[in-house]
Amino acid sequence: MRVPAPDPRAVREASLDELSRLGLPLPPPQFPLVWEPGDEIELRSTPEIEARIAVLHVILARCFGMPAQAAMSWLLESHLVEMVTPPEWQFVMGGKGDHRSFVLHHDALFSLAWVLGLAKELDPTVPVDERLVERMPNLVAGETFGQWRARILAAPQHPADAAALLDLHYCLDWAYLEVEEAGLALPGLVDANAIGQRRWALEWAVVLRGPYHDEPPGWEEVDLST
């Protein structure tokens with residue numbers, strides 16, 4: 001569902017109000033908007049987001065001991081191999097890559113779960129909901145991708161709400177890095193790495209349409225440099 005994007009300045013004002021409430025520094029006045037007036041927004045398709053969640057869930061399972069053969073078999077049987085990026089495939093197959101960076105995807109998974117209505121809120125001060133695993137494919141019990149999709153009954157967020165949360169995390173990402181660099185206390189139990197992962201997922205899931213936007217990036221192509 002593609003809809004007109006909300007007023008980016010009003011959304012940014014709300015994001016800055018939230019930063020102030022959390023006692024975080026505000027980005028400079030020239031900090032760019034995420035979208036422009038007149039742009040349109042939509043979410044990636046529900047099956048695509050579900051597939052990305054399932055892939056991340058398998059990768060996290062590999063991080064915590066799932067055998068490579070079992071992970072590969074589940075992905076093959078679920079017809080999800082084409083959704084696995086080359087770095088992810090190397091990790092799933094041979095454990096190659098930065099193990100810690102894959103563990104951090106737990107927060108990206110949480111963010112995508114929120115997009116599909118599987119998590120109630122994405123509070124920047126609160127860690128991943130411990131009950132999230134109950135809403136993921138039960139790999140141990142042999143739950144298939146299709147069975148999982150039928151069980152969860154995804155109810156995606158409205159694109160405007162997801163876009164507003166993307167703008168907030170764009171600002172939070174900057175603020176958390178500033179606070180950590182200064183050695184100051186963060187407002188909750190979530191660190192800059194987790195905020196960056198949540199932003200990564202939102203940047204991927206929210207599709208912006210307008211004259212200044214490129215085609216939606218692949219998972220590994222999401223730009224978090226600004």
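Where is the place of Leu-153? Leu-153 lies in the loop between helix H7 (145-152) and H8. Helices here are DSSP runs (H or I) of at least four residues, numbered from the N terminus.

The model is predicted, so local features need pLDDT of at least 70 and side-chain atom pairs count only at pLDDT 80 or more, while totals for chains, interfaces and linings use all residues. Residues are numbered from 1 along each chain as its sequence is written, and side-chain values use heavy atoms, with hydrogens and water left out.

**Backbone and loops**

Most residues other than glycine have a negative phi. Leu-153, however, has a positive phi near 50 degrees, and His-79, in the loop between H3 and helix H4 (86-94), has a positive phi near 55 degrees.

The table lists relative accessibility, where buried means under 20% relative accessible area, exposed over 50% and partly exposed in between (1.4 Å probe, protein chains only).

| Residue | Relative accessibility | Class |
|---|---|---|
| Leu-153 | 65% | exposed |
| His-79 | 61% | exposed |
| Ser-73 | 23% | partly exposed |
| Cys-63 | 10% | buried |
| Cys-171 | 0% | buried |

**Helices**

Helix H8 (residues 159-182) has 24 residues and should span 34 Å at 1.5 Å a residue; its end C-alpha atoms are 35 Å apart, which agrees. The expected span is 1.5 Å times one less than the number of residues.

Ser-73 belongs to helix H3 (residues 68-77). The side chain of Ser-73 reaches the backbone oxygen of Gln-69 at 2.9 Å.

Two packed helices are described by the angle between their axes and the distance between the axes. The axes of helix H2 (residues 46-63) and helix H6 (residues 105-115) come within 10 Å and cross at roughly 155 degrees. H2 and H6 are therefore roughly antiparallel to each other, a class that covers angles over 145 degrees; angles under 35 count as roughly parallel, 65 to 115 as roughly perpendicular and the rest as oblique.

H6 also meets helix H9 (residues 192-205): their axes come within 7 Å and cross at roughly 45 degrees. H6 and H9 are therefore oblique to each other.

**Cysteines**

How many disulfides does a search of the whole structure find? The search finds zero disulfides, a disulfide being a pair of cysteine sulfur atoms within 2.5 Å.

Key
Helices (H or I, at least four residues) and strands (E, at least two) are DSSP runs, numbered from the N terminus. A polar contact is a pair of N or O atoms within 3.5 Å; within protein, one must be able to donate a hydrogen and the other to accept it, and residues adjacent in sequence count only if both atoms are side-chain atoms. Axes are lines fitted to C-alpha atoms, for helices over the stretch in contact, and angles run from 0 to 180 degrees between N-to-C directions.
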